[in-house]
Each structure stands twice: as structure tokens, then as C-alpha cells.
Amino acid sequence: MNSRELFTRFIYCLLGWGTVGIVYQYTGQVTGQAHVLSPSELDNAVPFSPDAIWLYLSFFLFIPLGYFLSPLKKAYSLMYAMQLCALVSGAVYLWYPTTMLYHDYDLLALSGQALSGQALSALINIDSPQNLLPSLHVSLTLIVLNALWSTQQKFRTVLAVIWAIAICTSVLVLKRHLVIDVVTGALTACGALLIVHTAKFVLKRNTDE
């Protein structure tokens with residue numbers, strides 16, 4: 001990978017992931033009173049563990065890998081899919097802001113625990129209590145998984161699948177999201193990927209003609 005391609009990938013990552021950051025930050029500030037989501041029986045059955053914080057935070061390593069390890073064309077499509085996820089999710093956050101009754105964290109106790117508890121305490125202090133549905137943590141993870149998917153590199157693909165599942169599960173174990181957030185996040189990812197691939201197909205067909 002030469003320096004020019006590396007720079008191009010960096011720009012794709014900046015434009016794609018940067019859009020997510022702007023939308024998430026903006027919608028977290030301007031939304032009004034949020035609708036409180038109730039946990040399902042499945043949510044209540046998931047055990048809480050602060051140790052899942054490391055899987056949760058690994059998301060911030062997983063995302064750029066999609067831009068720098070996938071083929072350049074896939075990285076380009078990833079940028080647009082990520083922007084679509086951000087815009088769709090942002091519209092939902094503005095139209096139907098959501099929150100939840102978070103797990104009864106004892107922040108003082110967490111901050112006095114091992115490193116996992118301290119990291120979770122820090123996350124809680126900076127994370128928005130809104131913007132739950134759909135989960136961008138999940139939707140972005142899945143579109144990056146799509147970018148990393150390769151039938152030629154089976155071992156890497158298997159690792160990416162396991163990693164993506166772990167990230168999506170961590171949001172439930174940490175009680176930062178509910179199952180409905182995960183499901184709608186997955187649907188958002190599927191919709192964004194479908195739109196991007198359809199647009200590429202139509203553009204290619206028109207070019208061929």
C-alpha cells in the first residue's frame with residue numbers, strides 16, 4: 001500500500017466516521033424529552049459485567065480496520081454506507097429520541113474497582129444517555145464486517161465475524177443498549193448496504209450502456 005492509497009483510505013475514514021461523530025454529537029444535544037425504552041425478558045436475562053468494556057471499546061479499533069484492510073473499492077462503499085447509517089439514525093434520534101433506565105451503576109464503586117470498572121465509569125461520564133435506537137455501535141460494526149468479508153481470506157473473515165459478534169454483544173452485557181436497539185441497528189446496516197450496492201449496480205449498468 002503506497003502513501004497515496006493510504007491517504008485516500010484515511011480520507012474515506014475521516015469522511016465516513018467523521019459524519020457519524022457530527023450527527024451523534026448534534027442529535028445528542030438538541031433532542032427534547034426522550035422516550036424511555038423498557039427492557040425485554042431477553043435483556044433482563046443477559047448478565048451484567050464491566051469486563052465487557054474492553055470489547056465495547058475495541059469498536060474504535062475495529063472501525064478503522066474496515067477502511068485500511070478492505071479493498072479500496074470496498075472502503076469507498078463503506079464510507080457511503082457509514083454516512084447513510086449516520087443520517088438515518090440521526091433522523092430517528094431527532095424524530096423519536098430514546099433512552100432507558102440504565103443499570104444501577106454505583107459509579108463510586110466502579111471507579112474503585114479494577115481497570116474494567118474504572119473504564120466503564122469513564123465511559124458513563126462522557127457517553128450520551130440518549131440516541132439508543134438504532135444502535136450505531138451495532139450498525140457500524142456490521143457494515144465494517146461486510147467490508148472485511150473475504151472468501152479469499154477465510155481466517156481473517158472468521159476473526160472479523162467473532163469480533164463483530166463480541167462487540168454487538170458487549171452493548172447488551174454493559175447494559176448500554178437493549179435488544180431492540182441491536183435489532184434496529186442491524187436493520188439500519190442492512191438498509192444502508194442495500195442502498196449503496198443498488199446505487200453501484202445502477203451506476204455500473206448506466207456506464208456500460
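Pro134 sits in the loop between α7 (115-126) and α8, where helices (H or I, at least four residues) and strands (E, at least two) are DSSP runs numbered from the N terminus. A cis peptide bond, with omega about 0°, joins Leu133 to Pro134. The model is a predicted one, in which local features need pLDDT of at least 70 and side-chain atom pairs count only at pLDDT 80 or more, while totals for chains, interfaces and linings use all residues. Residues are numbered from 1 along each chain as its sequence is written, and side-chain values use heavy atoms, with hydrogens and water left out.

The loop between α7 and α8 also holds Asn131. Its phi is near 60°, a positive value in a residue other than glycine. Asn131 is buried, with a relative accessible area of 2%; buried means under 20% relative accessible area, exposed over 50%, and partly exposed in between (1.4 Å probe, protein chains only). Lys175, in the loop between α9 and α10, has a positive phi of about 60° and is not a glycine either. With 13% relative accessibility, Lys175 counts as buried.

Now consider the whole chain. The protein chain has 10 helices and 2 strands, in the order α-β-α-α-α-α-β-α-α-α-α-α along the sequence. Its radius of gyration is 18 Å, close to the 17 Å that the globule rule gives for 209 residues, so the chain is as compact as a globular protein of that length. The radius is taken over C-alpha atoms, and the rule is 2.2 Å times the number of residues to the power 0.38. Of the 209 residues, 45% count as buried.

The interior comes next. In soluble globular proteins, nonpolar side chains tend to be buried together. A nonpolar core is a set of buried Ala, Val, Leu, Ile, Met, Phe, Trp, Tyr and Cys residues joined through side-chain atoms within 4.5 Å. The largest such core has 30 residues, of which Phe62, Tyr67, Met82, Leu140 and Ile143 touch the most other members. Two or more residues come from each of α1 (3-30), α4 (59-69), α5 (72-95), α8 (136-148), α9 (154-173) and α10 (179-208). The largest share, 8 residues, is from α5. Leaving aside neighbours within four places in sequence, Phe62 is in contact (heavy atoms within 4.5 Å) with Thr141, Val144, Leu145, Leu148, Ala160, Trp163, Ala164 and Ile167. A second, separate core of 15 residues includes Ala119, Leu123, Ile124 and Cys168.
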